[in-house]
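Hi,

Here is the structure I promised to pass on. Have a look at it first, and my notes follow below.

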Amino acid sequence: MKKGIFQEFEGYSKIVEEIEASRRYGIDYSVDKDSPEQYINLLHPPRLELRVSDIIQETPSAKTLRLVSTNQYLPPFQAGQYIGLFLEIGKIRTTRPYSISSAPNQTGYYDITVRRVEGGLVSNYLLDDVESGHILQSSGPAGNFYFNPLFHKKTMVCLAGGSGITPFMSMIREVVECGLDRNIYLFYGNKDLDDIIFHETLKAISERSENIHYLPVIENPAEGYQGHSGLITGSLIRETLDHLEDKTFYLCGPQEMYEFCIPELEKLGIPKRKIRKEAYGPPARISDYPGWPQEIKAEDLFTIKVDGHKTLKGSAGEPLMVTLEQAGIVVPSLCRSGECSICRVKILSGKVFQPPGTLVRKSDNQFGYVHSCVSYPLEDLEVLI
Amino acid sequence: MEGYDVVVIGAGNGGLTASAGLAQKGFNVLLLERHNVPGGCATSFCRGRFEFEVALHQLSGMGTPEKPGPLRMMLDNLGVLDDLEFVEMDDLYHVAMPDGFRLTLKTSKDQVISELQEMFPHEKESIERFFDLVYSYANQMLAAFYFKDPDASREKYPLLYSHAFKPAIDVLDELFSDPLLKAVVSVYWGFLGLPPTRLSFAYLAMLFFVFIEFKPFHLKGGSQALSNGLINRFLSSGGTVRFNCGAKKIIVEDGAVKGVITEDGDHIPANHVIANASQVSTYVQLIDPENVPNETLREMRGRTLSPSAFVMFVGFDCEASQLGITDSTTFLMANTDITDRNLNRMQRLDIDDELMVLSCYDVADPDFSPPGTCQANIVTLKYGDPWLRVPPSDYHRVKYRCGEAMLRRVEDIFPDVRKHIEELEVATPLTHMRYLGHPNGAIYGFEQYTKDSLFFQPGRFSPIGGLYFASGWTGDCGFQSTLEAGLSAANSIIKKPNL
């Protein structure tokens with residue numbers, strides 16, 4: 001112990017006694033050295049090793065991959081959350097988020113449901129190359145798209161587009177299987193009838209469950225189709241629901257759906273706080289995005305200098321992260337939609353376009369940090385990873 | 001692999017100022033951070049249109065440009081002041097009880113005294129005496145330790161000798177009889193983690209003194225702005241930072257640091273390491289057991305872990321005034337109990353009648369949240385152990401149950417809050433454990449017991465040559481202290497001869 005005047009302070013000797021007693025009866029930190037991490041790993045493992053136990057053909061273009069844990073443990077999740085798959089396809093190391101479509105009470109496996117994206121690197125790989133028994137690596141469950149009992153309403157109005165059905169499938173299964181005191185209206189938009197994932201399952205559930213209402217909406221139905229057609233409009237929602245006040249609205253689907261449906265909800269007077277939307281990947285055609293500088297074309301090429309790596313060429317229409325991944329430079333990523341901030345990098349020089357609404361911290365903006373998953377080069381760049 | 005003069009493990013407050021301070025003096029520094037964002041506790045996260053502040057409630061030690069406090073001077077020396085914008089808060093705190101009791105203390109000493117005297121006229125003189133005591137104690141403490149008086153003595157600094165180790169409760173009981181007044185005057189314990197029965201008067205006095213003399217401050221952009229500003233300075237001074245890369249091992253040979261092995265497996269030669277990580281993980285996980293002196297483990301065994309916290313981050317779709325929130329810092333006090341029973345409350349999983357603090361940054365800084373909205377950060381201190389007994393499959397249910405109880409407590413004071421919630425996120429002691437890597441999610445490191453204070457503990461020093469510590473674990477907690485701890489550690493290396 002150091003020497004000093006404090007040794008003459010009143011109460012000093014009592015504290016010295018206290019220290020001696022604490023050393024005798026205190027915590028031996030060296031014995032349970034790994035316990036905090038071990039516990040946290042049960043909730044938030046940095047990595048999961050999953051085996052494809054089953055593949056279920058849902059529609060001509062969609063399959064469900066049933067994933068079991070190779071160590072027999074799957075962390076709990078909240079219905080609506082996703083896992084990020086860590087993949088190596090050809091020479092490219094990348095990640096993709098997939099909402100879990102099975103219910104949280106199903107602790108034996110996670111289902112993810114994948115629909116083919118034309119020219120999609122990952123969806124084509126998962127649909128064509130992955131077979132039962134295949135081992136996949138993933139993140140633990142993540143994401144903020146779930147029912148929050150602290151302020152969400154008991155009646156959920158879910159607007160799904162295409163493969164955006166997956167988080168709702170998990171929510172509906174949980175509500176039904178666990179007998180939760182909640183009502184769900186599901187408006188499910190698809191191009192045509194063949195595209196609907198889980199159509200039969202949803203029909204069956206809604207027929208036998210009073211609190212689940214299933215409303216498929218077909219954009220281009222065949223002639224004579226009896227159901228709802230066109231888009232999910234405000235008037236369809238208003239006609240279907242008695243009251244709008246006691247409900248929370250959830251959206252999951254492509255950017256175009258948000259651009260159409262959110263104004264429809266706002267026109268109905270639904271306040272922002274009752275509208276929840278899931279991240280759904282980068283916009284399909286960024287150069288059509290509101291605010292995109294007209295003088296730049298998607299195919300314009302820029303030089304990207306990465307600190308400590310080689311210099312690359314990247315096109316304006318491609319997210320910076322994709323350009324990096326294709327060059328073998330790995331930036332950690334998770335949501336790939338501009339929300340989770342895992343892929344944050346610093347732009348040392350040059351300008352990028354980030355779609356308005358990207359969740360970037362104010363001071364990250366000030367100091368030049370961007371989310372590389374939704375950053376598009378508008379000039380030659382220098383990047384610090 | 002390239003060597004460095006110093007490897008700093010962790011980009012929390014202490015790690016950031018240590019790195020920035022060393023790089024500024026021309027040292028070749030590698031900063032390792034296992035997350036992708038600098039700051040540790042000093043960070044923020046986005047949900048919907050809100051950016052939530054994680055840890056900073058009231059920044060102490062800033063002072064004004066005219067009367068700069070120690071922290072302002074330090075940030076100025078590091079060259080980050082111009083990148084940041086500070087806003088003075090005009091209240092120390094507001095106390096609200098469900099029975100309708102409300103009291104705001106402004107930030108000047110005279111106002112604090114007169115507001116208390118108006119509310120507690122029967123204790124008028126004692127209130128005056130209490131603040132005289134706070135000031136006299138603080139001045140004696142600063143003269144002896146901050147200005148390092150070589151002739152300090154009991155005769156010169158009688159209050160320092162009599163009060164430094166005295167529990168706050170003794171002073172409160174000597175001076176006051178009204179239990180409500182005692183609770184209101186000592187309510188800052190809710191920021192320190194120990195009830196007045198255990199907290200020394202010294203901590204309470206110094207906290208009042210610095211907040212009244214140098215005022216509480218808010219930082220535009222929140223604590224992340226400070227973390228980003230420090231990293232920016234560090235990089236422009238030639239420092240190297242690796243995000244998403246923690247340290248796996250500190251190599252020790254013949255009792256001295258020789259280098260660090262990163263999580264990626266890189267071997268980095270270095271003769272100095274500053275651990276912003278806790279002593280616990282540094283000695284137990286990063287250094288091979290044969291290199292850790294028994295005396296160090298014995299010493300650590302005597303130290304108590306601080307509480308963690310249960311925190312709710314709420315974004316509202318209306319302005320603070322519409323909810324009835326008038327002050328930046330509101331203590332929600334369910335009762336006037338300041339006894340050891342508060343330790344039991346913190347040891348309990350569920351939330352009921354504990355002391356809470358609600359910070360609404362938009363009161364001082366209307367630009368903090370988007371126009372027409374505001375946010376609140378609501379905290380109550382909780383020990384981590386009960387959360388380790390929650391089965392993982394029950395975790396979300398328990399988290400919501402506690403969140404619901406906390407929200408009800410807020411509704412007791414601000415009845416309309418639930419109608420306006422747009423975003424809400426909950427952090428439990430396990431969340432803190434996950435992001436900070438601290439045992440039991442202890443947010444302050446070791447407890448603020450006098451036995452765990454710098455007088456009695458090794459602070460930044462280690463018996464292992466070249467190893468220093470810089471964090472809340474080395475002594476006092478809070479932003480000012482941890483930022484200062486980093487520079488102290490840096491100075492220990494800078495001032496070393498023959499380097």
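Before the interface numbers, a word on buried area: it is the accessible area, taken with a 1.4 Å probe, that two parts lose on being put together, summed over both. By that count, chain A and chain B bury about 6,100 Å² between them, with 59% of it on carbon and sulfur atoms. On the chain A side, Arg23(A), Tyr29(A) and Leu150(A) lose the most area to chain B, and together they make up 14% of what that side buries.

Some housekeeping: this is a predicted model, where local features need pLDDT of at least 70 and side-chain atom pairs count only at pLDDT 80 or more, while totals for chains, interfaces and linings use all residues. Residues are numbered from 1 along each chain as its sequence is written, chains are lettered from A and ligands numbered from 1 in the order in which they are written, and side-chain values use heavy atoms, leaving out hydrogens and water.

Back to the interface. Counting contacts as heavy atoms within 4.5 Å, 61 residues of chain A touch 78 residues of chain B. There are four salt bridges between the two chains (a side-chain nitrogen of Lys or Arg within 4 Å of a carboxyl oxygen of Asp or Glu). One pairs Asp317(B) with Arg273(A), the closest N and O atoms being 2.5 Å apart. As for who supplies the chain A side, α1 (12-25), α2 (35-43), β15 (344-349) and α9 (362-366) each give at least two residues, and α1(A) has the largest share, with nine. (Helices, H or I of at least four residues, and strands, E of at least two, are DSSP runs numbered from the N terminus.)

Over all chains, the search finds 45 salt bridges. In one of them, the side chains of Arg344(A) and Asp364(A) meet at 2.8 Å, N to O. That pair links distant parts of the chain, strand β15 and helix α9 of chain A, 20 residues apart.

Cheers
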